[in-house]
Amino acid sequence: MASDNSQVLITGGTVMNRSGESRADVLLSSGVVERVEPDLDAKLPAASSGGPRRLVADGCIVTSSFVDLHTHMREPGREESETIATASRAAALGGYGACVAMPNTDPAQDNVAVVEFVRLQGERAGLVTVAPSGCITVGRNGTQLAPFHSMAAAGVRLFTDDGNGVQDPLIMRRALEYARELGITLAQHCEVSRLTDGAVMHEGCCSSRLGLPGWPAIAEVLMLQRDIELVRETGASMHFLHLSTARSVEIVRQAKNDGLPVTAEVTPHHISLTDEKLSSFSTLFKVNPPLRTMEDVEALRAGLADGTIDAIATDHAPHAAHLKDQDLSSAPPGMLGLQTALGVALSHSGCSPRRIVEAMSWAPAAIAGLEAAHGRDVAAGVPANLVVFTTEGTWRQTPESIVSKSTNSPYFDVDLVGRVRHVVHRGEVVVAEGVTR
Amino acid sequence: MKHLISLDDLDAAGIAGLLSTADHMVEVLGRPQPKVPALRTKTVCSLFFEDSTRTRLSFETAAKRLSAETLTFTASSSSVNKGESLRDTVDTLAAMGVDVFVVRHKTAGLPLSITRWCDARVVNAGDGAHQHPTQGLLDAFTLSRALGRGNDLSGIRVAMVGDIRHSRVARSTVRALHVLGASVTLVAPASLLPAAFVGAPTVPAGWPVEVSHNLDDLIGDIDVLYLLRMQRERMDNAFISSPGEYSAHFGLTKARLARMKKGSVLMHPGPMNHGIEVAVDLDTLADHGVTNLITRQVTNGIAVRMSVLFTLFGAGSEAIDGQ
C-alpha cells in the first residue's frame, strides 16, 4: 500500500524551541505540525503500511527553517547571474524557508507590479517563501520616495535601497516618518558614499600595501550614527544591514541600551574572513561592505553572541563569471552565501547552535514581518516550515554542488562544520538528505 | 622568475641579480650593433589599458634589443570598448602565441589576475597604486651606478617627496632602495601618505621608512632627492589645497636647491610637472653640485627591462654574448 504523501514524520531528532530542546518526533500533516512527541515512530505505521513518510533526523536538530533577510535573486534583470528559481533552490539547500529579495533588480522593486512579480516567481519556484523588499526611493536614486502605501498594502514589510544607502538626510527623515505611520521597517546600508568613491577593499594596512582604494570604516560609522539619531527623533524602526566594523557594534549596542527600535544583521563572511584575503587580488573577495580586520571580525562575533546583532543574513550576491573576471575596480561586489551560511556560522561565529538558530530563523522572521509562518516554535498547529541539520562533522563545498547560476563563493577548499539534511516547506519535503526535490 | 608582478616577490639576491644582469645589458647597448638574439623566438606583447607611451616604448625597445617580436595592444584601439570582457581580450591575444605580456592597468592586481588566466609570462608595467617593479629596479640601478656603489646603497639617505598614497613608483622604489641598504624618508602632507599612516602612532608594519611632513628639515642632509609627480587632479578630493601651496612646501625651490649637499642627486620617475614639484631650472642644478639623474633613469630603463625580459626565460634563452 502506498504511503500517505500528505504526512511526514521526522524521527530521532532534537526539537529546538525557544523554551528549550527535547528529543521528539514531529508529525506533519496538511502543511502544519500535527504532533510533537517522543517515539511517534514506533507508534505510527511504517510508510510501507500506509503510515507517514519518514525523514530520519538521528543526531540532528529539528527547528523552524531559516529566514534570510538579504538575498539578491537578480530577477528581474540579471538572470544571467541568478534567477528566483535558482536562488530558491540554493536557499532550500541552505536550510532556508524564506528569503527577503533585495530590490536592486532591473527594473527595481519600487512599485507594486515588480514586487508582485518577484513574489509570484517565488511561488512558481515553490521551494521557499520569497518576500520582496521594496525600495525606499524610486529607482534607488535617493531622491524621490517610493510608493510606501501601495507596496505596504501589497504586503511589503521591509524597505531598503540596499547598495545605495540613502544619503540625503531629508529623504531619510521623511521615509522614517512614513515608516512609523505604516508600521514598516526601513533597512539601511550604512555608508557615506562621499567617503567610499572607487573603493574596492577595507581602508587600512592591507589596502595601503596593495595600493587599492580603501573603504574607510568611518563611512559606515558616520551613517549609522546619523540614522540612529533619526530613529531617536521619529520613533520609526530601522534595521541595519550587514554591519562590518567594531565601532558599529558598539554604536548599535548603545542604541539598544537607549531603548531605540533598531535591529542589525551580520553576514557569514564578515565573521569569517578578513581584508588580508585581498592580498590575492581575487575579485571573489570584493564585497560591499568590505571584509575588514580581525579586530572587526571579533567584535562582530561578540555582538552576535550577546544579541547586539540580531540576525545572520547572507547578502547572497551572485555574479556571472564574466562579471567577476575583471580588474578589482570594474568587478561588481558580492559573493554567494545561501548554501554555506549555516556551515560558516557553525564553524566561525563562536556561537552555540541555539544562538545561531535564533539569529538565522527566529529573529529574522520577526524583522521581516514573516512571523505568522516562519520562525515559529515547532508545536502542533504551526505551519510546517522546518529544517533538520547536523552540528557535527565537516564537509567541503565543491563547484559542482553549487546550484546558483553563478559560482562566486569564497568557501572552496575549506572545512565547514554542520550541514543541512532535510527541509520542509509548507508541509512538503523540498530537501531530503541534502538533495532538493 | 616566471613573472614579475611585485618587487615584494623578490629577495635581495633576486633584485641584485637583475641589476647585475642590467650591467651586461648596458654593455650590449654600447655596442655598434646594440642587439643580441637572446629572445628571437619569443613574442612580447605590450598590453596597455592605461596610456603610457614612455613606459611602453621603453619595454618595446628592450624587447627589440633582445630580438623578440613585439606586439602592441592599447585600450583605446581595442575591443575593450566594444563589450568584450577583459579576460576575453587576454585569451584572444594569448591564443595568438604571446610569450610575455607587459601589462599596464589603472587597477592594482590586474597583472596578477592575468597570470591565472593564461600560460604566458607577465611583467607588471604598473598596476594602479600597487607596483611598478621595473621602475623600482631602474631607480635602484641608476642611483647605485651613479654613486659607484655596486649593489650596495647602505648609508645613503633618500627623501622621497610627494603623492605616496597614489604612487606605485613609491611602493616599488622604496622596496628596491631599502633592499640595497638605503634609508628612505617619505615626505608628504598627511593626506598623501597611504591610509595606514593616518592617525597611526608609528610607521605601519611593512613600510621600511621614516616619515616627515617638512622637507626643510631634511633637505640639507640627504644624498638623494626623489620627487614624485603631483597631479593637479589631486585637488578634486581635497588631497591638496592647490598646486602652488603644494609647491611652496614640498617642491624643489631655489631656496631648497641652495641648501642641498654637494654631490647629492635628483631623481624623478617622469613625466615631470614643471612649476609644481620642480620649481627650479634644472640647468642650475650643477651650479649647486647637484647631479640630475632624470635622463639617466630613462636610459637605464631599457637595460633594466632587457634584464627582466631576459631573466624571465633564464637558461631557456640564448646567451647574450652569442653575437
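Tutor: Two strands are said to pair if DSSP finds at least two bridges between them. The structure is a predicted model.

Student: Which residue in E21(A) does Ala432(A) stand opposite?

Tutor: E20(A) and E21(A) pair in the antiparallel sense, over two bridges. Their hairpin has two residues between the strands, and Glu433(A) takes a positive phi near 50° there. The residue opposite Ala432(A) in E21(A) is Val435(A).

Student: What is the order of the strands in the open sheet of chain A?

Tutor: The edge strands are E3 (20-23) and E21 (435-436) of chain A, each of which pairs on one side only. The sheet has seven strands, and its pairing is mixed. In chain A the order is E3-E2-E7-E18-E19-E20-E21.

Student: Over how many bridges do E18(A) and E19(A) pair?

Tutor: E18(A) covers residues 386-395 and E19(A) covers residues 416-425.

Student: Which residue in the turn between E19(A) and E20(A) has a positive phi?

Tutor: E19(A) and E20(A), the latter covering residues 428-432, pair in the antiparallel sense over three bridges. His425(A) has Glu428(A) as its bridge partner in E20(A). The strands form a hairpin with two residues between them, and the residue with a positive phi, of about 50°, is Arg426(A).

Student: Is helix H11 of chain A largely enclosed by the rest of the structure or largely open, and how many of its residues are buried?

Tutor: The buried residues of H11(A) are Ala341(A), Leu342(A), Gly343(A), Val344(A), Ala345(A) and Leu346(A). What covers them includes strand E17 (311-312), helix H12 (353-367), E18 and E19 of chain A. H11(A) has eight residues, at 341-348, and is largely enclosed because the number buried is six.

Student: Which residue with a positive phi follows H11(A)?

Tutor: The phi in question is near 75°. The residue is Gly350(A).

Student: Why does Gly165(A) count as buried?

Tutor: Gly165(A) lies in the loop between strand E11 (158-160) and helix H5 (169-182) of chain A. A residue is buried if 20 or more other C-beta atoms lie within 10 Å of its own. Gly165(A) therefore counts as buried, as its C-beta neighbours inside 10 Å number 23.

Student: How many Å apart in space are Gly165(A) and His189(A), C-alpha to C-alpha?

Tutor: Leaving out residues up to four places away in sequence, Gly165(A) touches Gln188(A), His189(A), Cys190(A), Glu191(A), Ser193(A) and Met223(A). In sequence, Gly165(A) and His189(A) are 24 residues apart. Their C-alpha separation in space is 4.8 Å.

Student: Turning to chain B, what is its radius of gyration, and why does it agree with a compact globule?

Tutor: The secondary structure of chain B comes to nine helices and ten strands. Its C-alpha trace spans about 55 × 45 × 35 Å along the principal axes. A compact globule of 323 residues would have a radius of gyration near 20 Å, so chain B agrees with its value of 20 Å.

Student: Within what arc do the buried residues of H3(B) fall?

Tutor: Leu86(B), Thr89(B), Val90(B) and Leu93(B) are buried in H3(B). Those residues line one face of the helix, because, seen down its axis, they fall within an arc of 95°. They pack against strand E1 (43-48), strand E2 (69-74) and H4 of chain B.

Student: Which helix gives the most to the side of chain B that touches chain A?

Tutor: The contact takes 21 residues from chain B and 17 residues from chain A. Helices H3 (86-95), H4 (110-117) and H6 (168-179) of chain B are the elements that give two or more residues to the chain B side. The helix that gives the most, with three residues, is H4(B).

Technical notes
Residues numbered from 1 in each chain as written. Chains lettered and ligands numbered in written order. Predicted model: local features only at pLDDT ≥ 70, side-chain atom pairs only at ≥ 80, totals over all residues. Contact = placed C-beta atoms within 7 Å. Helix = DSSP H or I, 4+ residues; strand = E, 2+ residues; numbered from the N terminus. Rg over C-alpha atoms; globule rule 2.2 N^0.38 Å. Buried ≥ 20, exposed ≤ 12 C-beta atoms within 10 Å, placed from the backbone. Arc of directions from axis to C-beta.
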